[in-house]
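Student: I am new to this structure and would like to learn how to read it. Can you take me through it one feature at a time?

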Amino acid sequence: MIVDSHLHLFRNGYGHFATQPSPLEGLSDIEAYERLRETHDIGAGLVVSYEAEGIDPSNNAYVRDLAASRPWIHSVAYLSPSSAPSGEHIADLLAAGHSGIALYLPDEASVKSLDAWPSENWRVLSEANAIVSFNARPEAIRHLGQLIDQSDTCQFLFSHLGLPGRHETAPSLEQAADRLSPLLNLATYPNVAVKISGLYAVDPVAPHVTAQPFIELLLEHFGGANLHWGSDFSPALDYVSFAQTMDLVCLSAIEDSERALILGESLAAKLANVRRGRQRT
């Protein structure tokens, strides 16, 4: 089963494509993605919500409205780390059907804001076996170990290879390991995983040659059970075709069983675990 670990569905579309006309050819996000699902035999997807003026300030609710008639949609609700929600609000998001939350942590300051959240929030998430999806750079990741250590029933997913940044030439494995060291240090936690997504942020041209050393290291440290393919629909389409997001050089040399885990089997099991946790709570 193929499961997309990272996609976006906005009410009025992404709207920030550098190339025109839009690669969606006049279709809405949901119309375009459902066509792609059928073409590429994608069984489910984890929608990473994002709320901001100019994109979709009510994206959490919009995604759950879509999910009401589309059981393939799983979602994580956007929350701002700088504005601490209550445990009750997080419980309401989970009750609405979200599988967890999405947090964007660009720097150390955002992690400090997250550290100020009440412990009740993490209790609610932990009891639901919730997914916590991070868009976090290494500078922020290095400060997350204590939080992860205290929330061992949550599933922490780091998007876009851990955001190592744009690289014009491929780094050596030693250089790549140094850049990703805060993330690689978390590989000892069984509830930490990484999304093979957003490769254009490292190298905008497929097959993303300069991203390959990072992927090689992630394969070595996390293995198929804790690596999840993601398309980053629709922002990725500004750089590559959807088919190119699935045509990963790094997966061509691994065992079929491990490839199947990365393409969706492992994430499907984690989503089922979240479902059981939500039902229990």
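Tutor: Start with contact: two residues are in contact when heavy atoms lie within 4.5 Å. Helices (H or I, at least four residues) and strands (E, at least two) are DSSP runs, numbered from the N terminus. This is a predicted model, where local features need pLDDT of at least 70, side-chain atom pairs count only at pLDDT 80 or more, and totals for chains, interfaces and linings use all residues. Residues are numbered from 1 along each chain as its sequence is written, and side-chain values use heavy atoms, with hydrogens and water left out.

Student: Which residues of α3 meet which residues of α5?

Tutor: From α3 come Gly87, Ile90, Ala91 and Leu94. Their partners in α5 are Glu120, Asn121, Val124 and Leu125. By type, this contact has five nonpolar residues, two polar and one charged. Here Ala, Val, Leu, Ile, Met, Phe, Trp, Tyr, Cys and Pro count as nonpolar, Asp, Glu, Lys and Arg as charged, and the others, Gly among them, as polar.

Student: At what angle do the axes of α3 and α5 cross?

Tutor: Axes are lines fitted to C-alpha atoms, for helices over the stretch in contact, and angles run from 0 to 180 degrees between N-to-C directions. The axes of α3 and α5 (residues 119-127) cross at roughly 20 degrees and come within 8 Å. That makes the two helices, α3 and α5, roughly parallel. The cut-offs are: under 35 degrees roughly parallel, over 145 roughly antiparallel, 65 to 115 roughly perpendicular, and the rest oblique.

Student: What is the handedness of the crossing of α3 and α5?

Tutor: A crossing is left-handed if the near helix is turned anticlockwise from the far one by less than a right angle, and right-handed if clockwise. The α3 and α5 crossing is right-handed.

Student: Now α8 and α9. How do their axes cross?

Tutor: Helix α8 covers residues 173-184 and helix α9 covers residues 212-222. Their axes come within 9 Å and cross at roughly 50 degrees. The pair α8 and α9 is therefore oblique. The crossing of α8 and α9 is right-handed.

Student: Which residues of α8 and α9 meet?

Tutor: In α8, look for Leu173, Ala176, Ala177, Arg179, Leu180, Leu183 and Leu184. In α9, look for Pro213, Phe214, Glu216, Leu217, Leu218, His221 and Phe222. The residues of this contact between α8 and α9 divide into eleven nonpolar, one polar and two charged.

Student: How many residues of α2 are buried?

Tutor: Buried means under 20% relative accessible area, exposed means over 50%, and partly exposed is in between (1.4 Å probe, protein chains only). In α2 (residues 59-67), seven of the nine residues are buried. They are Asn59, Asn60, Tyr62, Val63, Arg64, Leu66 and Ala67. These buried residues pack against α1 (29-40), β2 (42-48), β3 and α3 (87-95).

Student: Is His74 buried or exposed?

Tutor: His74 is buried, at a relative accessible area of 13%. It lies in strand β3 (residues 73-78). Leaving out residues up to four places away in sequence, His74 touches Ala44, Gly45, Leu46, Val47, Arg64, Ser99, Leu271 and Arg275.

Student: How many aromatic pairs does the structure hold?

Tutor: Rings of Phe, Tyr and Trp (its six-membered ring) pair if their centres lie within 6.5 Å; planes under 30 degrees apart count as stacked, over 60 as edge-to-face and the rest as tilted. The structure holds twelve aromatic pairs. In one of them, the rings of Phe134 and Phe156 have centres 5.9 Å apart and planes at 5 degrees, so this pair is stacked. Phe134 sits in β5 (residues 131-136) and Phe156 in β6 (residues 155-158), so the pair ties together parts that are 22 residues apart in sequence. Phe134 is buried, at 0% relative accessible area. Phe156 is buried too, also with 0%.

Student: Which residues form one aromatic cluster?

Tutor: Tyr33, Trp72, Trp229, Phe233 and Phe242 do.

Student: Where is there a cis peptide bond?

Tutor: One joins Ala206 and Pro207, with omega about 10 degrees. Pro207 is in the loop between β7 (192-196) and α9. A cis peptide bond also joins Phe233 and Ser234, with omega about -10 degrees. Ser234 lies in the loop between β8 (227-229) and α10 (242-246).
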